[in-house]
Amino acid sequence: MNITVINGTEQMGCTFTMKEMLLSAMGVGHNITEYYLPRDCPAFCTGCKECFLRDISGCPHSKYTVPIWESIVASDLLVFTSPTYVFHTTGQMKTLLDHYGTKWMAHSPEKPMFRKQAVIITNAIGQGMGKTAKDIKDSLDFWGVARIYVVKQALFQAKWELVSDKTKAAVKTKCGHIAVKIKSKKRVVPHPKIKILFHIMKIAQTMIDKSERKAGRGRTKDYLHWKENGWLDGKKPWED
């Protein structure tokens with residue numbers, strides 16, 4: 001299995017240790033590629049819209065964003081980690097996700113995403129983990145990721161060595177259960193929510209195209225992407 005890990009911080013503390021627990025539960029023999037933020041993508045999205053008008057290859061930060069995206073597309077499992085910072089994901093994680101807005105289903109999603117699984121790992125001393133996970137899950141949902149799991153745990157400590165044995169055991173158990181679910185899926189099929197989002201976006205593309213043609217404008221890049229993939233003619237990205 002090809003696994004890409006996006007670490008939302010360069011710190012090798014609590015979140016890093018939780019991620020290591022998951023990878024350990026996945027077993028051996030996997031090809032794992034890891035990125036650490038902000039080291040591997042230090043640049044903020046500038047809103048130039050080159051990715052929407054052309055592709056992410058036109059991004060002024062493509063030397064960072066393109067290799068990471070290619071790794072994501074080539075992977076079977078995606079792992080996103082982020083501690084909770086003021087009830088949300090880290091700024092550097094948000095910075096990376098901002099660069100891939102064009103890959104949302106409302107624009108030009110990629111077919112391989114609809115057959116992938118992903119895990120979001122987050123923790124907090126107390127609360128806010130739900131919002132942190134949602135910050136990341138919003139992008140994964142709209143990329144079309146088929147199955148998304150969340151490992152979240154209130155640790156009540158800032159350092160792993162101070163976390164109670166009971167809490168550490170709870171994290172290990174959660175990671176183990178999710179690893180079993182991931183490995184048990186011989187054929188990954190999107191969650192019904194993802195299928196519904198796809199069909200809503202399909203209708204939206206048709207409506208936008210009619211509006212553009214009525215205004216005397218050409219077809220959009222997004223519409224052509226959907227058309228070329230056959231998604232406007234009955235094909236579905238999760239079907240062979």
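Let's start with F156: at 57% relative accessibility, F156 counts as exposed. Keep in mind that this is a predicted model. F156 sits in the loop between strand 5 (147-154) and helix 6 (165-184), and its phi is positive, about 65 degrees, even though F156 isn't a glycine. That's worth a second look, because most residues other than glycine have a negative phi.

You'll find V86 in the loop between strand 3 and helix 4. Here are the two residues together:

| Residue | Phi | Relative accessible area |
|---|---|---|
| F156 | about 65 degrees | 57% |

P38 lies in the loop between strand 2 (31-36) and helix 2 (50-53).

Now for the inside. The largest nonpolar core has 26 residues, and F80, L140 and W143 touch the most other members. Helix 3 (62-74) and helix 5 (129-143) are among the elements that each supply at least two residues of this core, and helix 3 gives the most, with 5 residues. Apart from this core lies another one of 21 residues, including M26 and V171.

Finally, take helix 7 (residues 192-214). Its 23 residues reach 34 Å from first C-alpha to last, close to the 33 Å expected. Among its buried residues are I194, F198 and D209, and what covers the buried residues of helix 7 includes helix 5 and helix 8 (221-228). After helix 7 comes G216, with a positive phi near 80 degrees.

Conventions
Residues are numbered from 1 along each chain as its sequence is written. This is a predicted model: local features need pLDDT of at least 70, side-chain atom pairs count only at pLDDT 80 or more; totals for chains, interfaces and linings use all residues. Side-chain values use heavy atoms; hydrogens and water are left out. A nonpolar core is a set of buried Ala, Val, Leu, Ile, Met, Phe, Trp, Tyr and Cys residues joined through side-chain atoms within 4.5 Å. Buried means under 20% relative accessible area, exposed over 50%, partly exposed in between (1.4 Å probe, protein chains only). Helices (H or I, at least four residues) and strands (E, at least two) are DSSP runs, numbered from the N terminus. The expected span of a helix is 1.5 Å times one less than its number of residues. Contact means heavy atoms within 4.5 Å.
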